[in-house]
Amino acid sequence: MKIAVLAGDGIGPEIVQEAVNVLDTLAKIHALDVQYDYADVGGAGYESAGTPLPAESLALAKKADAVLLGAVGGPQWESLDKPLRPEAGLLSLRYELGLFANYRPAKVHEQLIDASTLKADVVRGVDILVVRELVGGIYFGQPRGIKTLDDGQQQGSNTLVYTTSEIERIAHIAFQAARKRSGRVCSIDKANVLESTELWRQVVCRVHSEEYSDVELSHMYVDNAAMQLIRNPKQFDVMLTTNMFGDILSDEASMLTGSIGLLPSASLGKEHAMYEPIHGSAPDIAGQDKANPLATILSVAMMLRYSLGREDMADKIEQAVEQVLANGVRTADIAVSGEYFIGCAAMGHAVCAQLEAM
Ligand code: IPM
Ligand code: MG
């Protein structure tokens with residue numbers, strides 16, 4: 001199995017190292033041959049090749065069985081021209097690989113119930129899957145840009161567009177995911193104001209009635225959804241939504257679990273797949289061994305499940321993480337005040353040791 005490893009910036013290299021260690025540990029136990037090809041992306045790509053997505057990195061990603069990505073971005077690259085910024089590299093990577101479906105599960109671990117800023121009985125048992133459309137919508141719509149108007153003012157603009165086929169394919173993904181869970185999809189839009197999401201709602205309804213009448217479908221406006229996620233998150237199973245709403249709601253959903261440092265993701269297309277934590281590069285703690293590697297480690301579990309067909313190994317990683325948390329092992333982000341915590345590498349080691357003991 002060939003994995004393209006694009007660690008990126010900030011805490012990216014540290015968390016990816018731990019995820020690779022975990023996969024290595026498991027590969028050894030199962031006599032699985034895994035080959036890693038490393039390449040730069042984001043600010044690291046800009047520094048080494050003058051572009052946030054070097055051609056060589058894209059080529060490597062295209063020929064791999066799966067891509068493992070850390071995180072991109074940092075203050076030193078914020079003033080670069082837009083196409084040279086780290087985020088542009090990540091977005092092109094998603095686009096070029098055709099990764100239209102982004103799965104972002106937010107599951108509350110009972111052991112971390114007190115790490116959430118919300119009350120225990122609100123978050124206990126939460127198990128949500130955000131299905132985010134990833135290569136369309138306002139992130140990619142044309143025209144876009146900043147221009148100077150006749151009166152001398154500047155005007156920034158973006159375009160929120162969705163076509164029927166873009167909506168259909170992500171709707172199928174959400175309904176199929178729901179069949180393997182508790183069978184409920186809530187589609188999130190702003191159909192009361194935005195035509196693009198009025199179409200979204202129509203198409204989701206049609207796909208549902210044509211093929212998925214066994215799945216329960218509901219709709220919610222995004223503002224209400226943001227509120228409901230905090231008020232009563234347990235009402236949600238699969239949340240199907242657009243690129244930007246999914247970006248926002250998945251960060252919000254992460255805090256139900258206690259920390260954004262826990263949330264993995266899978267970005268899937270027809271031919272390629274990429275796995276990455278949903279959090280960013282956290283430049284403020286980069287290089288200090290403070291980051292939580294669990295989101296990236298759990299992303300490797302998703303990789304094993306969706307790309308490598310190893311459900312058994314995926315389960316093992318998830319069980320090892322559960323056990324480590326049950327043993328009281330914590331990084332700073334999930335420690336409640338006064339609780340002892342360890343660093344990124346030690347957390348990675350703890351998961352590896354648990355796997356070896358299983
Ligand atoms: C995410 C991130 C990215 C996004 C950024 C880094 C471009 O926030 O993966 O959620 O907006 O998609
Ligand atoms: Mg985001």
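**The ligand site and the domain interface**

Good morning. I begin with ligand 1: the residues around it, meaning those with a heavy atom within 4 Å, are Glu-87, Arg-94, Arg-104, Arg-132, Tyr-139 and Asp-247. This is a predicted model, in which local features need pLDDT of at least 70 and side-chain atom pairs count only at pLDDT 80 or more, while totals for chains, interfaces and linings use all residues. Residues are numbered from 1 along each chain as its sequence is written, chains are lettered from A and ligands numbered from 1 in the order in which they are written, and side-chain values use heavy atoms, with hydrogens and water left out.

An N or O atom in the side chain of Tyr-139 is 2.6 Å from an oxygen atom of ligand 1. For Asp-247, the corresponding distance to an oxygen atom of ligand 1 is 2.8 Å. A polar side-chain atom of Arg-104 also lies 2.8 Å from an oxygen atom of the ligand.

I turn now to the domains. The domain assignment, automatic or taken from a database, gives domain 1 as 1–101 + 274–358 and domain 2 as 117–257. Their C-alpha centres lie 25 Å apart. In contact, that is with heavy atoms within 4.5 Å, are 8 residues of domain 1 and 13 residues of domain 2.

The area buried between the domains (accessible area, 1.4 Å probe, lost on putting the two parts together and summed over both) is about 1000 Å², with 72% from carbon and sulfur atoms. Arg-94, Phe-100 and Ile-278 supply 53% of what domain 1 buries against domain 2.

Conventions: Polar contact = N/O pair within 3.5 Å; in protein donor to acceptor, adjacent residues only side chain to side chain.
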